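Have a look at the sequence and the structure below, and turn the structure around a few times before you read on.

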Amino acid sequence: MSLLARFGPGYRHGFPVLPGALPVVGHFLALFDDAVGTLQRAAKELGPVFWVFLGPRRDRLFVMGRESFDLFKSRSVSMQNAMQGLDI
């Protein structure tokens, strides 16, 4: 995948953004309607790490799946180290 595709529209800080965000409310309505289904579809389409927007300045990076949980549970990886270099 080219750098432009990886960091261009649809990506933020190298991670994909869930498409379909509405102005002002972002993905809030989709999550309110079916949070589990929305997040499962996003993980299937985008992979285990993706951004969701919940409104102005309320961006959330979701990390889904057992492998991702085990990685962050490990003492060798902290959230601070994992997010190092990201301007969040």
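First, the ground rules. What you see is a predicted model, where local features need pLDDT of at least 70 and side-chain atom pairs count only at pLDDT 80 or more, while totals for chains, interfaces and linings use all residues. Residues are numbered from 1 along each chain as its sequence is written, and side-chain values use heavy atoms, with hydrogens and water left out.

Let's start with Thr38, which sits in helix α2, residues 28-46. Helices (H or I, at least four residues) and strands (E, at least two) are DSSP runs, numbered from the N terminus. Is Thr38 buried or exposed? Thr38 counts as buried, because its relative accessibility is 9%; buried means under 20% relative accessible area, exposed over 50%, and partly exposed in between (1.4 Å probe, protein chains only). The side chain of Thr38 reaches the backbone oxygen of Ala30 at 3.3 Å. Setting aside residues up to four places away in sequence, Thr38 touches Leu18, Ala30 and Leu31, where contact means heavy atoms within 4.5 Å.

Leu18 and Leu31 turn up again in the largest nonpolar core, whose six residues also include Leu39, Ala42, Phe50 and Val52. Such a core is a set of buried Ala, Val, Leu, Ile, Met, Phe, Trp, Tyr and Cys residues joined through side-chain atoms within 4.5 Å. Both α2 and β3 (49-53) supply at least two residues of this core, and α2 gives the largest share, three residues. Take Ala42: if you skip its neighbours within four places in sequence, Ala42 is in contact with Leu18, Gly47 and Phe50.

Now for the strands. β3 pairs with β4 (residues 59-63) in the antiparallel sense, over five bridges; two strands pair if DSSP finds at least two bridges between them. In this pairing, Phe50 stands opposite Phe62 in β4. The hairpin of β3 and β4 has five residues between the strands, and there Gly55 takes a positive phi near 130°.

Which residues other than glycine have a positive phi? His13 is one of them, and Arg57 is another. Here they are side by side:

| Residue | Phi | Loop | Relative accessible area |
|---|---|---|---|
| His13 | about 55° | between β1 (11-12) and β2 (15-16) | 26% |

Conventions: A polar contact is a pair of N or O atoms within 3.5 Å; within protein, one must be able to donate a hydrogen and the other to accept it, and residues adjacent in sequence count only if both atoms are side-chain atoms.
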